[in-house]
Amino acid sequence: MNKDTNSVLDKTEQLVTEGRIQRVGDHLKREWRLYVMLIPTIIWLLVFLYKPMYGLQVAFKDYSIFRGVAGSPWNGFEHFLALFNNDQFFRALRNTLIMSGYSLLFGFPLPIILALMFNEVLNKTFKKISQTIVYLPHFISSVIIASIVMTAFSPSAGIVNTIIGWFGIDPIYFLTKPEWFRPIFIGTGIWQEAGFQSIIFLAAIAGVSPTLYESAVVDGASRWQMIWKITLPSILPTILIMLIIRIGNILEISFEMVILLYQPATYETADVVNSFIFRQGILGGRYDFTAAAGLFNAVIAFILVMAANALSKRYSRISLW
Amino acid sequence: MYGVKLEGIVKFYGAVKVVCEIDIDVQEKEFVVLVGPSGCGKTTTLRMIAGLEEITAGRLTINGRYMNNVAPKDRNVAMVFQNYALYPHLNVAKNMAFGLNIRKQPKEEIKLQIKEVSSMLGLTEYLDRRPSELSGGQRQRVAMGRAIVRQPSVFLFDEPLSNLDAKLRTQMRAEIKRLHKRLGATSIYVTHDQVEAMTLADRIVIMNDGRIEQVGTPMELFNSPANTFVASFLGAPPMNMVNAKVANGGDKLIAEFYGQKLSLPELPALQNSVGREIILGIRPELVRVADKTTPNQISVDVDLVETLGSEALVHATLGNKPFVIRTKTIGKYHSLDNLTGFTIDPNLISIFNAETGTALQGQAS
């Protein structure tokens, strides 16, 4: 390239940069209100999600509340080694994965099925009533839900034991038996959240063009065929995005419900990573050890969400980023 | 009896009557266009034929079979929608095969039909693409291909070209016309575009407010409009409407308007009608522009001349009402000073009853 060409290229580059700066400036000038509205969220993120990350270093320190985060001495990966040698942690991790796996297996498809069912209901009154009924548990406090569950499964007056009593079966102490904890916990979670989670899928279904169905009707498709061949493929991007998010939260099991429902007799199947952290960290005062457990939890969740996103991107061209 | 027959078809949405006892008889292999302004009931009529809307009253027969309560899939019709209605998750081949797969046709047969139709529509190289990877014209062709592979007895088109730009619309219009000639299938086409109606139709059905205003071949409707609505709907620019009064002009009748006079043709409907209010329908392209020297001209106040190359549109006023002239002699009259009015052969005027708007008689020629 000769000197003239280089000079023209430099000038072009300069013009492109200037144009870009001009465009960004114009955009900010035009949309500054939107950016102002973004500020509270950014502050919230910084204060509640980024600033606490400073405290993560206690996972690598021999933390003392008297010496503070900065003053406590470093101790490398000692807490992680202790964690990996802790049977209770692995039991909690296993329980978390099993319960999350079952929740995903049974709890993830149900909101989709519910949304598909609501979409097929033609009677508006019935639709509204049934939607309200299934959305309602989401708005009830976990404490009240736990109380309802404890009452329902009570061996003396619970409705479940009353019903099985009609068949001549002796009362079962459901909440003290480890083998019953997982079904009860997962069932409760589904009952509480499936309806509310179906809203997002209903919204996605509402976005499917009605002419696709009309075209299929003229082509001779049945309702069932339309669900399989039009509705589900059309909402697949939403399903996959929700699945990726769900996989990212797989270790974030609803631990308040665990804490409300479990007891030492059911720790074997009920104790999850978060309840383990709560017991060890908050109740036992081992902040550094549980910070290591929490960090480990977060790293696994990060790997899972990245892997799910990559798989989804590869096989369906749909991804979060 | 083949074709599609609508007898006294009525459609109510709640208490609103949107289609009022219409009768249409579409012959086998005929291309009929339903045209009219938005909300005139043309799409509702088409959807009733497809089975997508319930028929409130009346009788629909397709190929001689009573169809009112027959499911859409059993009517043997295929529909091309305004927004194409292509399945975004399926490629072109699968979109075209959708209806055949639903009907569980043998895979080999489907393949063969897709191959044939895609080659007919120039879609062979796009079979693996998804709709989002196609242009508007290609999507439109896929939508038509999907209808063609079904080999239906009736094609229904619901404003299929309205989402395309002007140039592509002209191309696709010609393609649809060619396809109809080739396939020879009975087709019912809905549009609000009178150019599409004029160019595509064997017969046009003009609708307004849920009623049929007139049915006929494009030239019948253009030359002999049944009423002022049809007259002003067909033609671009539309027919000029001039309110006038019949007067005695000695040996023949004349029309008087805004202090000007125009000879009227000798029509039986005008006998003994001196003093009667009428509307003169004057097509913009049937007048001859005049300058100061032209005798017996109708004077107009010229407002604006739009030059379109081979012709020009003269926007004028006649008695404070707009009057448009379409002329090819603009070279001579491009100066507003020279253009003072027009002359017209009385036999080319349409005359309407001023009270009812119905034609007393259309153009004589």
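# Strands, helices and domains: a dialogue

Mentor: Start with one bridge. B:Ser299 has B:Gly341 in S20(B) as its bridge partner. Keep in mind that this is a predicted model.

Trainee: What makes S16(B) and strand S20 (residues 341-343) of chain B a pair?

Mentor: Pairing needs at least two bridges. S16(B) and S20(B) have two bridges, in the antiparallel sense.

Trainee: What is the strand order of the open sheet in chain B?

Mentor: The order is S15-S20-S16, three strands with antiparallel pairing.

Trainee: Why do strand S15 (288-290) and strand S16 (298-299) of chain B stand at the edges?

Mentor: Each has a single partner strand, so one side of S15(B) and one side of S16(B) lack a neighbour in the sheet.

Trainee: Now helices. How do you describe two packed helices?

Mentor: By the angle between their axes and the distance between the axes. Take helix H11 (residues 223-248) and helix H15 (residues 287-316) of chain A: their axes come within 7 Å and cross at roughly 160 degrees.

Trainee: Which term describes how H11(A) and H15(A) lie to each other, and why?

Mentor: Set the angle against the cut-off. Over 145 degrees counts as roughly antiparallel. The crossing is at roughly 160 degrees. H11(A) and H15(A) are therefore roughly antiparallel. Their crossing is right-handed.

Trainee: Which residues of H11(A) and H15(A) meet?

Mentor: From H11(A): A:Leu236, A:Leu240, A:Leu243, A:Ile244, A:Ile247 and A:Gly248. From H15(A): A:Ala301, A:Leu304, A:Val305, A:Ala308, A:Asn309, A:Ser312 and A:Ser316. By class, this contact has nine nonpolar, four polar and no charged residues.

Trainee: Which residues of H2(B) and H3(B) make the contact?

Mentor: H2(B) gives B:Ala93, B:Met96, B:Ala97, B:Leu100 and B:Asn101. H3(B) gives B:Ile110, B:Gln113, B:Ile114, B:Val117 and B:Ser118. They divide into seven nonpolar, three polar and no charged.

Trainee: How many residues does the contact of chain A with chain B take?

Mentor: 14 from chain A and 16 from chain B. On the side of chain A, helix H10 (210-219) and H11 each give two or more residues. H10(A) has the largest share, seven residues. By class, that side of chain A has six nonpolar, six polar and two charged residues.

Trainee: What are the domains of chain B?

Mentor: Domain 1 (4-233) and domain 2 (240-361). Their centres, over C-alpha atoms, are 39 Å apart. The contact takes eight residues from domain 1 of chain B and eight from domain 2 of chain B. The side of domain 1 of chain B has four nonpolar, four polar and no charged residues.

Trainee: And what does the domain assignment of chain A give?

Mentor: Domain 1 (3-60) and domain 2 (78-316). In chain A, 38 Å separate the two domain centres, again over C-alpha atoms.

Definitions and conventions
Residues are numbered from 1 along each chain as its sequence is written. Chains are lettered from A and ligands numbered from 1 in the order in which they are written. This is a predicted model: local features need pLDDT of at least 70, side-chain atom pairs count only at pLDDT 80 or more; totals for chains, interfaces and linings use all residues. Domain bounds come from an automatic or database domain assignment. Two residues are in contact if their C-beta atoms, placed from the backbone, lie within 7 Å. Ala, Val, Leu, Ile, Met, Phe, Trp, Tyr, Cys and Pro count as nonpolar, Asp, Glu, Lys and Arg as charged, and the others, Gly among them, as polar. Axes are lines fitted to C-alpha atoms, for helices over the stretch in contact, and angles run from 0 to 180 degrees between N-to-C directions. Helices (H or I, at least four residues) and strands (E, at least two) are DSSP runs, numbered from the N terminus. Angles under 35 degrees count as roughly parallel, over 145 as roughly antiparallel, 65 to 115 as roughly perpendicular and the rest as oblique. A crossing is left-handed if the near helix is turned anticlockwise from the far one by less than a right angle, and right-handed if clockwise.
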